[in-house]
Amino acid sequence: MSKNIHELEQIMFPPDGSGVKPYEWMINPTRQRQWIDKQGVFLWLAFFFSEIGAGLYFVSLFYQYKPGLVLGWLITLILGGLVHVAYLGNPFRAWRMIMKPNTSELSRGIWIIGAFAALGLLQMVTSGGFNIVFNVIMGILCLLVISHGFATMKVIRALPAWISNMVLPFSIISGVWIGQQALQLMFVFGGQAELVSGMEVWAEAFYFIYFLCLVLYVWGTWHANEIGAASIKMMLSDELKQITLIGVVGLAVVLPLVLTLIMWGGDTNGFMVFLRLASVFAGDLAVRYIVMKSAVYKPLLERS
Amino acid sequence: MPRWGMVIDVKRCIACWGCSIACKEEHFLPPNVFWNRVLIGERGKFPSSSKLILPILCNHCSEAACVEACPTGATYVREDGIVAIDDEKCVGCRACLVSCPYQQRTYYDKEVKDREYFPGQGKTELELIGEKLYPFALGTVIKCNFCTERLEDGIKKGLEPGVDEDASPACVNICPVNARVFGDLDDPNSKINRLIMEHKGKQLRPEFGTEPAVYYID
Amino acid sequence: MTYKTDEIWEDKWVNTTCGVCYCGCAAKVRVVNGVPVKIEGINESTMGGDGPGLCGKGTAGLMYYHDPNRIKKPLLRTNPEKGIGVDPKWKEIEWDEALDIIATKMKKIMDDDPNKILFTNQTMRASDGPHNHPYFYAQAFGVKNNGNFIIGGGSLHCGNACHMLGGLIHGAWSIAPDWRYTKYVLKWGSSKGTGSGHSAMTNARLRADAIRRGIKEVVFDPMGNFAGGKATEWVAILPGTDTAVGLAIANYIANTRGEMDILYLKAKTNFPYLIREDGTYIRNAESDKPLIFDSREGKIKEYDDKTLAWENCALDGEYEYKGEKVVPCFVPFKEHLKQYTIEWASEISTVPVATILQVAKDWVDNAQIGSTITLEGKKYPYRPVSSVTFRGSQGHSNGIHQVAAIDLMAQLVGAEDVPGGTLGWPAIRRAYPGGNYEQTCKAGKDGVIVPSVFYSHDPWPVHEPSLPATNMGCVDVWTHCTLSHIPYVDEMEYIHEKFGMKSKPEMIFGIAANFIISNSDWDTAIKNFKDCFVVQNDLWVNETDQAIGDIILPDVSYLEKDCWSSEIDAFFFSGSPSHENWYVHMQQPVAKPIGESRFFMDVYIDIADRCGVLDTFNAKLNDYYGVADPELQIKPGEVLTWKEIGDRFLQWIYGADHQKVQDQGYATWNKAIEDVYWRWDIDTRCPVYMEYLIHDRRAMENIFEQTGFDVEGLEFDLDQYSPLPTWFWPESHKDLDNEFDLLAFSYRDILHTNNTTFQNPYIDEVSKMCPYTFTITLNTTMAYERGLKDGDIICIETKAGVKETGIVKTMEAQSPKVIGIAGQGGLWADGRPIAKGKGANFCKLLPSKLKYFDPIAGNMETAVAVKIYKV
Ligand code: SF4
Ligand code: SF4
Ligand code: SF4
């Protein structure tokens with residue numbers, strides 16, 4: 001019987017990944033799919049990589065650590081940029097995306113990344129690149145690149161789940177937090193134990209800000225409006241529950257907290273630093289995934 | 001320059017889906033691609049509940065979210081109010097698609113192109129000739145174009161959109177109960193403006209600030 | 001995006017007639033390089049929707065041509081075993097071989113007993129073409145009447161009772177409100193004007209204007225969906241209880257308010273006819289005519305006596321005729337109504353007392369009894385109220401009384417075939433200017449109207465039930481059946497044996513019918529038909545073909561069909577009820593036939609020729625079209641194709657304009673207003689008092705006694721043979737108990753015509769966007785109380801143990817005591833992969849015992865007591 005039942009559904013309303021039946025489309029809250037389903041995962045990865053690359057670059061500025069700059073720059077451009085281009089329907093026309101900076105956040109983002117690429121390169125190749133002017137300019141650019149993904153999402157009024165005011169602070173802190181983690185690990189590999197331990201105080205601070213922002217984001221979205229709340233509910237739906245619990249709660253929040261507490265006060269350990277980076281890395285991917293996957297449109301029919 | 005718009009009389013509409021299917025035929029749309037749909041819902045409690053019917057299509061918004069989001073300028077508002085997509089400029093970033101509060105856009109990729117109306121049985125003559133007569137560019141976004149070709153050809157022949165069949169959108173023509181009326185929003189005497197005035201026409205989801213050119217009357 | 005014009009060598013529009021449902025709207029098809037690519041309506045014709053309008057399923061009709069599953073060669077069953085789930089092991093054969101097998105078989109049976117051949121067709125023109133022709137065709141083989149026709153289209157769910165009274169009251173196949181002038185419409189289980197029913201889009205267009213004009217439309221229906229969902233007021237009612245509400249309203253009109261159109265009752269009904277104690281008419285011994293008391297002269301006269309003025313026909317009093325006490329039949333009629341109070345009706349129907357009362361009041365108030373209207377210089381009584389019904393309310397074991405009660409309201413206020421009232425869907429068809437084909441109704445026995453053309457039989461005068469039964473349908477006994485129910489009845493063999501039916505069917509010759517799955521219990525249908533040699537002309541191998549078909553001949557779809565006659569006899573089938581031009585549309589071939597498919601009319605001719613009955617068939621055609629010009633008649637010995645026949649007959653029908661009409665694909669000409677509002681011009685009387693049923697009852701009693709027919713055992717309800725519209729519980733309600741506590745009912749979905757539309761991928765796609773089309777609907781609260789929610793899979797089970805599963809969709813707008821299933825889903829034929837598995841099948845749930853059929857018109861009880869549970 002159960003096989004039959006499955007067939008009934010399959011035949012009449014074959015699931016298309018939207019989570020709603022065709023007759024519920026835009027009648028019940030309906031998920032955003034283009035930017036996460038199918039090739040949409042590229043966009044999710046692209047936003048993530050440009051964020052952490054720029055984060056690493058940003059933190060490295062404070063340590064005037066060139067390998068960090070190089071790696072951050074490469075992650076942002078190669079992983080972030082190329083993956084983004086691969087997502088496009090017509091990658092060879094990607095250059096056209098610079099055409100509408102006046103209205104399109106996406107277009108503005110391309111300009112910013114362009115500037116980041118050019119000036120970053122300049123900074124890396126010029127000796128004495130770490131001068132204050134350069135650092136400030138690059139710092140700002142890094143923050144803009146970090147928040148580029150979420151900024152693009154935030155302007156989409158159609159998806160109220162993304163319009164919370166916490167979106168930008170949250171995205172900046174996640175970039176910085178992971179960037180800091182990455183740099184810390186680089187120092188581990190570089191055998192600079194003192195730096196590693198010294199950085200731990202930043203890790204502690206960033207973690208708690210990150211956690212706070214995450215909570216505020218969820219809280220804000222829940223209270224922003226009905227549709228925002230529907231998005232949050234969707235995070236706990238059958239389909240997303242596992243990712244939410246394991247990815248977001250487990251990897252982004254609990255495990256890093258445990259590791260941070262263990263290493264509290266600079267009692268760092270290379271393996272644990274690595275473990276924490278891996279955890280926040282996966283955790284942040286999960287957060288982004290959930291945020292993209294659970295964004296729903298406001299139905300077009302008003303029921304009451 | 002006129003500004004084209006449409007009035008949908010929900011009171012007349014009987015939810016026959018003629019508009020949805022006529023649009024598919026007019027533009028040879030592949031399976032599961034709709035430029036125009038009819039939503040069915042319900043309001044109220046038994047026994048005084050009522051059925052809700054909402055035919056939807058691209059609103060050709062004058063403050064279009066899609067136009068704003070488009071990074072290339074491929075999506076733009078024409079002088080006559082039609083929100084058009086230049087498929088030679090479209091990069092396929094789907095920012096417009098995600099941004100449209102009415103979800104009126106479809107990304108046309110290989111998977112969509114390869115769909116068959118009779119799955120596994122190959123494309124029919126209809127689908128094959130459609131790909132020649134009305135080709136879409138892979139990796140771009142498509143949507144209702146207010147039947148631009150019909151309007152333009154009709155106007156060239158001296159016909160009047162909204163009045164003459166050959167200058168009017170396919171969905172307007174097909175509607176068996178005259179629930180869809182097409183015309184010029186800039187002409188205060190046009191039939192659509194009269195209907196909007198008389199029956200207090202409303203736009204869909206005005207809170208998004210998109211200023212749709214499609215109005216609903218009840 | 002531009003059209004690549006250089007590759008186009010042909011781009012044209014062809015006018016034709018839509019064939020997706022039985023309404024036949026005007027349609028035109030765009031053909032590019034020989035490929036049909038788009039369908040629209042025809043702006044210049046009023047037939048169908050507004051301007052070039054067409055409904056969704058009509059627009060989707062393209063796919064009938066493009067479907068790769070169409071059969072392309074004749075198929076022969078090689079597996080002798082039949083039944084559901086048995087592979088027929090089809091073998092493709094040549095046309096000649098197929099026709100040879102068929103003709104040999106048919107000839108042999110015909111020579112033995114033509115009543116052993118059954119015919120069927122589908123009232124749906126994806127395949128079926130000229131409506132009436134299968135009937136003459138059968139006659140050419142020696143078949144006597146409609147008893148050899150097994151219903152194949154809308155099935156017995158459709159309109160036996162409606163058609164019976166449509167014929168007797170309006171001389172028409174069906175009815176419609178006069179949308180142009182009405183102010184108040186009551187719809188009972190009907191979606192006229194909101195998507196289904198006859199002339200669906202013509203009515204929809206007229207209704208839309210009426211609704212915008214501000215008319216009130218009250219819909220009594222178990223669900224507020226296609227009709228109720230669009231009504232100004234939807235009233236939830238239990239299936240089959242409309243009679244109760246109708247009679248209570250009639251009682252209010254006649255007795256509580258006492259406001260009736262008295263002149264109408266005197267002039268246009270049989271209410272003044274004098275009856276004796278036993279309820280039968282007294283008649284003039286010589287002329288056999290019923291009698292009326294002339295209140296001015298104080299004399300009893302024949303009803304059509306020239307000296308009897310309408311206003312002097314007595315409706316009350318008590319008189320003496322040849323020593324017998326006699327009264328106008330209106331006297332007991334009015335008295336009979338008194339028992340039907342609004343409170344009583346409310347209890348039965350679940351409609352609140354206040355609602356019934358309000359409707360009754362609004363009805364009388366809006367009827368404007370006494371008012372007149374002048375149209376085109378002619379003064380007419382103006383009665384802007386209309387009460388219409390179709391499939392929903394009449395499809396019950398009390399069908400005749402349902403329809404009679406609903407009609408009665410209009411009778412009492414004189415709102416029949418006058419401006420604003422209920423119109424026959426038309427009774428008359430005038431000739432094209434300069435042409436010759438004309439059909440008008442006339443008064444028959446007892447002043448009752450005789451329809452000019454009817455689909456399958458003559459509703460009037462009815463012959464008395466008699467023995468022996470000579471055909472499968474036993475219409476000798478069940479005389480009022482438009483199409484008989486007996487072939488679907490579980491006790492068929494017993495009935496045949498008792499009634500001396502000797503012509504056990506050996507062959508079925510059908511057109512795209514799906515009668516196995518579209519009537520009632522599938523097992524009974526298989527049992528009753530499986531021994532026949534089944535030949536069908538079809539587009540696909542449908543469920544019936546797969547289960548019991550022996551030879552399937554590939555038919556053309558309407559898009560490939562050259563059918564000059566498609567609408568000519570269909571004025572009563574596709575016409576506009578309103579005062580709009582006459583129109584007749586042809587089906588013109590839009591593309592070449594698929595594979596080796598052939599139009600069934602040509603197959604008919606070929607087989608008739610092989611069986612040696614072509615001359616008889618041709619003579620019947622000459623006769624039907626009234627072709628009097630010997631040049632144009634088909635002459636003995638001539639073998640003409642359908643098209644060649646058309647080339648001649650069209651000259652007769654359209655005179656000098658025939659070529660123009662043919663080129664254009666349709667004709668439209670002026671309809672005089674008198675042909676719409678004919679009630680007071682044609683001297684007929686409505687048999688509201690159904691006196692003929694008393695005689696039928698006696699004859700039935702006789703037959704039962706003579707044959708020892710087990711009336712009690714079969715629970716045959718003779719009491720329904722009552723001249724007075726009376727409340728009888730529908731059989732489904734009697735089955736309700738604690739366990740089987742819900743009534744399942746079905747309704748027509750705007751997207752679907754029977755089951756063929758399920759195979760259309762365009763329709764399939766949009767069906768998924770309708771919450772109700774493929775699902776089983778339950779009232780939201782009721783579902784919640786039973787622990788059910790949207791998307792759950794439930795099993796529906798009947799007392800007979802028949803089960804169907806489906807997906808739940810809850811809706812507020814549905815009576816909490818019913819469950820709804822749209823159309824005819826739940827299909828399984830391998831030949832229609834798009835249709836396969838979609839929706840749920842309602843028909844199979846219907847029990848097939850004789851008691852579940854209306855004892856008079858043979859309507860099926862289309863509600864069934866069920867239990868539901870989650871699986
Ligand atoms: S409805 Fe959507 S796609 Fe159409 S113009 Fe408005 S925002 Fe753009
Ligand atoms: S205007 Fe044309 S393109 Fe737009 S929905 Fe109607 S038929 Fe489709
Ligand atoms: S064609 Fe007209 S009646 Fe049919 S669904 Fe569309 S708007 Fe409604």
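## Close-up views of a predicted three-chain model**View 1. Asp284(A) and Arg288(A) share helix α10 (residues 270–293) of chain A, where they are four residues apart, about one turn of the helix.** Helices (H or I, at least four residues) and strands (E, at least two) are DSSP runs, numbered from the N terminus. The two side chains form a salt bridge of 4.0 Å, N to O; the term stands for a side-chain nitrogen of Lys or Arg within 4 Å of a carboxyl oxygen of Asp or Glu. Asp284(A) and Arg288(A) are both buried (under 20% relative accessible area, with exposed over 50% and partly exposed in between; 1.4 Å probe, protein chains only).

This is a predicted model, in which local features need pLDDT of at least 70, side-chain atom pairs count only at pLDDT 80 or more, and totals for chains, interfaces and linings use all residues. Residues are numbered from 1 along each chain as its sequence is written, chains are lettered from A and ligands numbered from 1 in the order in which they are written, and side-chain values use heavy atoms, with hydrogens and water left out.

**View 1. A salt bridge joins Asp446(C) to Arg283(C) at 2.9 Å, N to O.** This pair links distant parts of the chain, 163 residues apart: Asp446(C) is in the loop between β20 and β21 (449–450) of chain C, and Arg283(C) in the loop between β11 (274–275) and β12 (291–294). Asp446(C) has a relative accessible area of 7%, so it is buried. Over all chains, the structure holds 89 salt bridges.

**View 2. Glu335(C) and Lys338(C) meet in a salt bridge of 3.2 Å, N to O.** Glu335(C) is partly exposed at 49% relative accessibility, and Lys338(C) is partly exposed at 44%. Elsewhere, salt bridges that share partners join Glu26(B), Arg150(B), Glu165(B), Lys28(C), Lys38(C) and Glu40(C) into one network.

View 3. Rings of Phe, Tyr and Trp (its six-membered ring) pair if their centres lie within 6.5 Å; planes under 30 degrees apart count as stacked, over 60 as edge-to-face and the rest as tilted. Tyr437(C) lies in the loop between β19 (422–425) and β20 (442–443) of chain C, and Tyr624(C), 187 residues apart from it, in helix α19 (residues 614–624). Tyr437(C) is buried at 2% relative accessible area, as is Tyr624(C) at 14%. Phe745(C) and Tyr747(C) form another tilted pair, 6.2 Å centre to centre with 40° between the planes.

**View 4. The charged end of Lys24(B) sits over the ring of Phe34(B), 4.2 Å from its centre.** The term requires NZ of Lys or CZ of Arg within 6 Å of the ring centre and within 35 degrees of the ring normal. In chain C, the charged end of Lys671(C) sits over the ring of Trp582(C), 4.9 Å from its centre.

**View 5. Strand β2 (residues 36–43) of chain B pairs with β3(B) in the antiparallel sense over eight bridges.** Two strands pair if DSSP finds at least two bridges between them. Asn36(B) stands opposite Leu57(B) in β3(B). Of the eight residues in β3 (residues 50–57), seven are buried. The hairpin has six residues between the strands, and Gly44(B) takes a positive phi near 85°.
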